[in-house]
Amino acid sequence: MIVTLIVAAEVAFWVLLGLGLATRYLLRLRTLNTVLLVGLPVVDLTLFALTVLDLRGGSAVSWTHALAASYAGFSIGYGPSVVRWADGRFQHRYAGGPKPPRSPKYGPERTRHEWRIAGRTAVSAGVTLSLITLLVTLSAGAAHFSDFTGWYVKLGTAAVINAIVAGCYSHWPKEPPAGAIVENGHVVGWKVPQSR
C-alpha cells in the first residue's frame, strides 16, 4: 500500500506543479497558482500521515515506510530547486521568458553550485532522518530505531560524500580549458592567438 501511496504522491506533485505553472503563465491566475503550489507540501504531509496510520494500523515495518519519509525529505531539500527548474523552463517555453541558465562548469561558480547541492542533500537527509525518528515515536510501538538503522547510515553517508565533493571543488576548482573565455562558469568564447 505504501508504494502505491508514494507513486500517487509523485504523480500528484507533478500534476499540481504543472497546473500551477499553467495557471500562472497561460491563464494569468496568480491566486489559483499560489493555491496549487501550496498544495505541494500538503502532498508530502499527507503521505507521511498515511504512513504513520499504516504502521499504527498493524502493518509490518518495511523499507517502504522509510522511503515515504525520504520522499518528504527529498521534497523539502530539493523541492524548491525543482520548482525553480520547472518554472524557468515553463516560462521560457510558454511565456517568452529567457532561456534557463545551465549549471556552471568552471571556477568559483561551479564551487558554489556544488555547495548548494551539498546543502540540499544535507537538508534532505536531516529532514528524512528526523521524520524516520518521528515515525518510530508515532507508530505506537510498531517501529523501532533498529528497523531503520540502514537508512541512518546511507543518508548520513550521502550527505558526507556531497560535502567532500564540494570541499574538493573549494580546494581544487575546476579550471577551464586553456584559451577559453569564461563568464559565470561557462565558456563563452576562445582567445585568438596573437600572430607574431
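What follows is a chat about the helices and loops of a predicted model.

Me: Before anything else, what kind of model is this, and how are residues numbered?
Reply: This is a predicted model, in which local features need pLDDT of at least 70 and side-chain atom pairs count only at pLDDT 80 or more, while totals for chains, interfaces and linings use all residues. Residues are numbered from 1 along each chain as its sequence is written, and side-chain values use heavy atoms, with hydrogens and water left out.

Me: OK, helix 1 and helix 3, how do their axes cross?
Reply: The axes of helix 1 and helix 3 come within 11 Å and cross at roughly 20 degrees, where axes are lines fitted to C-alpha atoms, for helices over the stretch in contact, and angles run from 0 to 180 degrees between N-to-C directions. That makes helix 1 roughly parallel to helix 3, because angles under 35 degrees count as roughly parallel, over 145 as roughly antiparallel, 65 to 115 as roughly perpendicular and the rest as oblique. Helices here are DSSP runs of H or I with at least four residues, strands are runs of E with at least two, and both are numbered from the N terminus.

Me: And which residues make that contact?
Reply: On the helix 1 side they include I6, F13, W14 and L17, and on the helix 3 side they include L67, Y71, V83 and F90, with contact meaning heavy atoms within 4.5 Å. By class, the contact of helix 1 with helix 3 has 17 nonpolar, 3 polar and 3 charged residues, where Ala, Val, Leu, Ile, Met, Phe, Trp, Tyr, Cys and Pro count as nonpolar, Asp, Glu, Lys and Arg as charged, and the others, Gly among them, as polar.

Me: What about helix 2 against helix 4, how do those axes cross?
Reply: The axes of helix 2 and helix 4 come within 9 Å, with a crossing of roughly 35 degrees. F48, T51, V52, L55 and R56 of helix 2 meet L131, L134, L135 and L138 of helix 4, and this contact has 7 nonpolar, 1 polar and 1 charged residues.

Me: Staying on helix 4, is H113 buried or exposed?
Reply: H113, which is placed in helix 4, is buried because its relative accessible area is 15%; buried means under 20% relative accessible area, exposed over 50%, and partly exposed in between, with a 1.4 Å probe and protein chains only. Leaving aside neighbours within four places in sequence, H113 is in contact with S103 and P104.

Me: Switching to helix 5, which residues are buried there?
Reply: In helix 5 the buried residues are W151, L155, A159, A166, G167 and Y169, and what covers them includes helix 3 (63-94) and helix 4 (107-138).

Me: Now the loops, where does R28 sit?
Reply: R28 lies in the loop between helix 1 (2-25) and helix 2 (30-56), and has a positive phi of about 60 degrees although R28 is not a glycine. R28 counts as exposed because its relative accessibility is 58%.

Me: Which loop holds N184, and what is its phi?
Reply: N184 is placed in the loop between strand 1 (180-183) and strand 2 (186-190), and has a positive phi of about 50 degrees although N184 is not a glycine. At a relative accessible area of 59%, N184 is exposed.

Me: Last one, what about L32 in helix 2?
Reply: L32 lies in helix 2 and counts as partly exposed, at 38% relative accessibility. The C-alpha atoms of L32 and L21 are separated by 10.0 Å, with the two residues 11 residues apart along the chain.
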